[in-house]
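Q: I would like to learn how to read helices and strands from a model. Where do we start?

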Amino acid sequence: MIGVPHVHHRLTDSTNARARELAIGGAPHGTLVTADEQSAGRGRQGRSWSAAPGEALLMSLLVRGVRPLLPLAAAVAVCEALAPLDAAIKWPNDVWIERRKVAGILLEGRPQEGWAVVGVGLNVRTREFPPEIRDTATSLALAGQETTVAAVRDALVEALHHWIEAPGDEVLSAWRARDALRGEHIRWASGEGTAAGISDSGALLVETPAGARVELDAGEVHLSL
């Protein structure tokens, strides 16, 4: 059952770190770890994730029996949990509202042992951001949705319960309907081109200026301004 047991911390270094410890110790599928505040929250590429106490949803879910499309399913679940707001997914792991980041997803685990931790940081009540992300971040409150962290948590747990078990074609269809990059000119470490959707494995498809089509399995992509 998703969300049970539920371990909550007033302060921890990282909910993903705590969930990984529980996974190694044999905790069951669906174990949920949340926190009011993190001292060492992380996003992809080792970036820090900071939030004032009680203003963001900070949670990690232990998943056993990992399916290949789990990263895509998690992103779709986050978008669904934010309804009626119109949320979109920036490949590979960000959720946007009006082209500003409202949530980030970090998956970690041991595939060889059949488990993964789905970490989600989601800005709920935040109204002020550090200068370096002030122009690119948003929150549910800033988007006009006044709610609580607990309410968003419950909605996300319910959405995850469906999407992590959903058929692959359903996950792909839902993800593609929320694709924030399709048709956009993007760049990455070794090239640039026009985003052309995702493959059935979840790789980002890009059409280059030379007419070639490449697949990006991982890494950061940026919109070209």
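**Strands, then helices**

A: Begin with a strand: Ala87 and Ile89 of β4 (residues 87–90) point one way, Ala88 and Lys90 the other, and all are buried (under 20% relative accessible area with a 1.4 Å probe, protein chains only). In a regular strand the side chains alternate between the two faces of the sheet. Strands are DSSP runs of E, at least two residues, and helices runs of H or I, at least four, numbered from the N terminus. The model is predicted: local features need pLDDT of at least 70 and side-chain atom pairs 80 or more, while totals for chains, interfaces and linings use all residues. Residues are numbered from 1 along each chain as its sequence is written, and side-chain values use heavy atoms, without hydrogens and water.

Q: Which strand does β4 join, and how do they run?

A: Strands pair if DSSP finds at least two bridges between them. Four bridges join β4 to β5 (residues 94–97), and the two run antiparallel. Ala87 stands opposite Ile97 of β5, and three residues lie between the strands of this hairpin.

Q: Which residues of α3 are buried?

A: An α-helix has 3.6 residues a turn, so residues three or four places apart point the same way. In α3 the buried residues include Val149, Val152, Leu156 and Leu160. The buried residues pack against elements including α2 (70–81) and α4 (168–177), contact being heavy atoms within 4.5 Å.

Definitions and conventions
Buried < 20%, exposed > 50% of the residue type's maximum accessible area, 1.4 Å probe, protein only.
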